[in-house]
Amino acid sequence: MSKNYEEEIRNMVSDILEIPAEKLTPDADFFRDLNIDSLKAIEIVAAFEKKYRIIIPEQDIPKIRNLRQVVEYTAPLKKETHI
Amino acid sequence: MRWDKAKIQSVLPHREPFLFIDEVIEVEGTERIVAATYLREEASYFKGHFPGNPVMPGVLIIEAMAQASVILFSLDRPEVAAGHPDYYLGKVKSEFLAPAYPGDKLIVESRKVKFLDNAAITETVVKVDERVIAKANLIFSIQKK
């Protein structure tokens, strides 16, 4: 997994949450540590879907709780769209 | 398929004088709806906004966009809407391009961006006589009772 992609994801989430990128550690829990609510969560999901032309099923959203999981979840989907 | 006031009120909790959708004139599955709002000269907000120079307040145009978006949400998530949840507008990115006056007919178009059971995003456009007078991206939450 490329560092560039991780950085891209970090910056994107940081912009939406309006928090400094350095606070977004790979394992910081979105809900417990960063206080993300349903509005921020849907904003992040919609931004990913638009940028990478992927669909994130609703039932998967609660399972993606930190930056590491976002990268792990979205990287394969992103790859598929380029085949 | 047109919706009259009764059908609109079966979905929206809003009532006069804070109901800003008079009819739904077009439904495109669960992706897009087009609604209409008639700006009546006797509406109370025109009396104070502004005396002698009545203009529809921009926040009420956003309210019309939000109400149209709730109707669209109810088409996409009928099982959630059936529980008559509370809808809370959370974030608005808007642009106003021209004023709306008494007598105007607002055409309010709402398009789905992303809907979940507890949150929704729509892109909305308001037109008067085919001219776009306002645009907004709305994010709202849905709280089950």
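Two residues are in contact here if their C-beta atoms, placed from the backbone, lie within 7 Å. The points below use the word in that sense.

1. **Confidence.** This is a predicted model. Chain B has an average pLDDT of 97, and 100% of its residues score at least 70. For the complex, the predictor gives an ipTM of 0.82 and a pTM of 0.91.

2. **The sheet.** Chain B holds an open sheet of 6 strands. Their order is β1-β2-β4-β5-β6-β3, and the pairing is antiparallel. The edges are β1 (23-28) and β3 (86-96) of chain B. Each has a single partner strand, so one side of each lacks a neighbour in the sheet. On average, neighbouring strands are turned by 25° against each other, direction ignored.

3. One residue pair to look at is B:Glu28, whose bridge partner in β2(B) is B:Arg32.

4. **The helix of chain B on the sheet.** Helix α3 (residues 58-76) of chain B packs on the sheet. It touches β1, β2, β3, β4, β5 and β6 of chain B. The direction of α3(B) makes about 50° with that of β4(B).

5. **The core.** The largest nonpolar core has 49 residues. B:Ala64, B:Met65, B:Ala68, B:Ile71 and B:Val126 touch the most other members. Helix α3(B) gives the most to this core, with 10 residues. In general, nonpolar side chains tend to be buried together in soluble globular proteins.

6. Leave aside neighbours within four places in sequence. B:Ala64 is then in contact with B:Phe20, B:Ile21, B:Thr37, B:Leu106, B:Val108 and B:Val126. B:Leu106 sits in strand β4 of chain B. Beyond its neighbours within four places in sequence, B:Leu106 is in contact with B:Ala36, B:Thr37, B:Leu39, B:Ala64, B:Ala100, B:Val126 and B:Val128. B:Leu106 counts as buried because it has 24 C-beta neighbours inside 10 Å, and the cut-off is 20 or more. B:Leu89 is 17 residues from B:Leu106 in sequence and 21 Å from it in space, C-alpha to C-alpha.

7. **Where the chains meet.** In the complex, 10 residues of chain B are in contact with 9 residues of chain A. On the chain B side, β3, β4, β5 and β6 each give two or more residues. By class, that side has 5 nonpolar, 3 polar and 2 charged residues. Helix α2 (residues 38-52) of chain A lies across β3, β4 (105-115), β5 (119-128) and β6 (131-143) of chain B. Helix α2(A) runs at about 75° to β5(B).

Methods:
Residues numbered from 1 in each chain as written. Chains lettered and ligands numbered in written order. Predicted model: local features only at pLDDT ≥ 70, side-chain atom pairs only at ≥ 80, totals over all residues. Pairing = 2+ DSSP bridges. Helix = DSSP H or I, 4+ residues; strand = E, 2+ residues; numbered from the N terminus. Axes fitted to C-alpha atoms, helices over the stretch in contact; angles between N-to-C directions. Nonpolar A, V, L, I, M, F, W, Y, C, P; charged D, E, K, R; others polar. Core = buried A, V, L, I, M, F, W, Y, C linked by C-beta atoms within 7 Å. Buried ≥ 20, exposed ≤ 12 C-beta atoms within 10 Å, placed from the backbone. pLDDT = per-residue confidence, 0-100.
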